[in-house]
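Please open the model in your viewer and keep the sequence beside it. The stops below say what to select next and what is there.

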Amino acid sequence: MFDSAQIESDWSGVPYVADSRDRRVGLDCATLVYGIYDQAGHAIPGHISRRGEHGDRWMEGCLRVIRNCFSVVRDQRRTGDLLLMRIADRLHVGVVLEGDRVIHALPRKGTIVDPIVRWTANVIKVVRLKGL
């Protein structure tokens with residue numbers, strides 16, 4: 001299971017580094033999600049980020065993950081759900097935490113926890129992996 005306090009303690013403050021796979025160096029939003037899921041013992045089918053590949057391949061990876069998810073309505077969100085957002089014409093992903101918060105990685109800010117309401121205008125949808 002996902003533990004909001006543990007996720008926040010373990011992952012907050014990690015620097016942002018695009019396409020990095022090494023938490024000690026830094027993470028992007030997709031690598032953060034994979035790390036959180038891996039730590040909780042859950043595998044994400046497909047790839048959110050193809051690490052270094054952009055454009056169509058990156059979008060194909062996003063779509064593979066979304067196909068293995070179902071939409072979640074606001075009052076049924078829970079820790080571990082994925083919050084899909086569009087920020088400055090780019091797809092962005094974070095992990096929902098208790099208390100209507102999201103943990104995500106942003107350039108110049110690193111991994112931070114924000115209230116979801118701060119990103120309401122950017123939210124595309126909230127999804128949950130099938131089987132969780």
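Begin by selecting helix 1 and helix 2, which are oblique to each other because their axes cross at roughly 130°, where oblique covers whatever is left once angles under 35 degrees count as roughly parallel, over 145 as roughly antiparallel and 65 to 115 as roughly perpendicular. The axes, which are lines fitted to C-alpha atoms over the stretch in contact, with angles running from 0 to 180 degrees between N-to-C directions, come within 11 Å. Helices (H or I, at least four residues) and strands (E, at least two) are DSSP runs numbered from the N terminus.

This is a predicted model, in which local features need pLDDT of at least 70 and side-chain atom pairs count only at pLDDT 80 or more, while totals for chains, interfaces and linings use all residues. Residues are numbered from 1 along each chain as its sequence is written, and side-chain values use heavy atoms, with hydrogens and water left out.

Staying with the two helices, show the side chains where they meet: Ile7, Asp10 and Trp11 of helix 1 are in contact with Leu32, Gly35, Ile36 and Gln39 of helix 2, contact being heavy atoms within 4.5 Å.

Next, select residues 29–39, which make up helix 2. Of its 11 residues, 9 are buried, meaning under 20% relative accessible area with a 1.4 Å probe and protein chains only, whereas exposed is over 50% and partly exposed lies in between. The buried residues are Cys29, Ala30, Thr31, Leu32, Val33, Tyr34, Gly35, Ile36 and Tyr37. After helix 2 comes Gly41, with a positive phi near 85°.

Now turn to the sheet, which is open and has 6 strands in the order 1-6-2-3-4-5 with antiparallel pairing; two strands pair if DSSP finds at least two bridges between them. At its edges are strand 1 (69–71) and strand 5 (110–115), each of which pairs on one side only. On average, and with direction ignored, neighbouring strands are turned by 35° against each other.

Select strand 1 together with strand 6 (residues 123–129), and you will find them joined by 3 bridges, with Ser71 opposite Val127. Strand 6 also pairs with strand 2, over 4 bridges, and there Leu83 stands opposite Val126. Strand 2 in turn pairs with strand 3 over 6 bridges, with Leu82 opposite Val95. In the hairpin of strand 2 and strand 3, which has 2 residues between the strands, look for Ala88, whose phi is positive, near 50°.

With the sheet still shown, bring the helices back. Helix 1 (residues 4–11) lies across strand 3 (90–97), strand 4 (101–106) and strand 5, running at about 20° to strand 4. Helix 2 packs on the sheet as well, touching strand 2 (82–87), strand 3, strand 4, strand 5 and strand 6, and its direction makes about 30° with that of strand 3.

Which residues touch the most other members of the largest nonpolar core? They are Ile36, Tyr37 and Ile103, out of 22 residues, a nonpolar core being a set of buried Ala, Val, Leu, Ile, Met, Phe, Trp, Tyr and Cys residues joined through side-chain atoms within 4.5 Å. Helix 2 gives the most to this core, with 6 residues. Apart from this core lies another, of 10 residues, among them Val72, Leu83, Val102 and Ile112.

As a last stop, select Tyr37, which, not counting residues up to four places away in sequence, touches several residues including Phe2, His42, Leu82, Val95 and Leu129.
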